[in-house]
Amino acid sequence: MFDGFLGYIIGGAVIGVLARLIKPGADPLGWIMTILLGIGGAAIGGYLYPGHGWMTWAVAILAAIVLLFVYEALRRKR
């Protein structure tokens, strides 16, 4: 179980960083929010495209980019 939890944190960090690199513009996020964004993207990607492989990672990164846009839209409203 620890490997799964640690795997989600490490995978979430990688996915979050890749999403922030791919999306244009400045993203005012810290490391914790980047990891949470990546974990959310990984969860959505795993739900939409179950399995293991590069396609699941691609869907997870795309989901993280969408979450990043949503986060920025919600942040602008405040």
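Predicted model: local features only at pLDDT ≥ 70, side-chain atom pairs only at ≥ 80, totals over all residues.
Which residues does E72 touch, not counting residues up to four places away in sequence? The legends below begin with the answer.

View 1. E72 touches K23, A26 and D27, with residues up to four places away in sequence left out of the count. The position of E72 falls within helix α3, which spans residues 54–77. The relative accessibility of E72 is 13%, so this residue counts as buried, the limit being under 20%. Between the side chains of E72 and K23 there is a polar contact of 3.2 Å.

**View 2. The salt bridge between K23 and E72.** The side chains of K23 and E72 meet in this salt bridge at 3.2 Å, taken from N to O. K23 belongs to the loop between α1 and α2 (31–48), whereas E72 belongs to helix α3, so the pair ties together parts that are 49 residues apart in sequence. K23 is buried, because its relative accessible area is 6% and buried means under 20%. E72, with a relative accessible area of 13%, is buried as well. The count of salt bridges comes to one.

**View 3. A nonpolar surface patch.** The patch covers about 880 Å² and is made by L6, I10, V14, V17, L18, L21, I22, W31 and W57. Helix α1 (residues 2–22) supplies the largest share of the patch, namely seven residues.

**View 4. L18 in helix α1.** L18 is one of the residues that make the nonpolar patch, and its place is in helix α1. The relative accessibility of L18 is 33%, and therefore L18 counts as partly exposed, a class that lies between the 20% and 50% limits.

Conventions
Residues numbered from 1 in each chain as written. Heavy atoms only, no water. Helix = DSSP H or I, 4+ residues; strand = E, 2+ residues; numbered from the N terminus. Buried < 20%, exposed > 50% of the residue type's maximum accessible area, 1.4 Å probe, protein only. Polar contact = N/O pair within 3.5 Å; in protein donor to acceptor, adjacent residues only side chain to side chain. Contact = heavy atoms within 4.5 Å. Patch = residues over 30% accessible without salt bridge, like charges linked within 9 Å, V, L, I, M, F, W, Y side chains within 5 Å. Areas by Shrake-Rupley, 256 points an atom, 1.4 Å probe, with all protein chains shown as cover. Salt bridge = Lys/Arg side-chain N within 4 Å of Asp/Glu carboxyl O.
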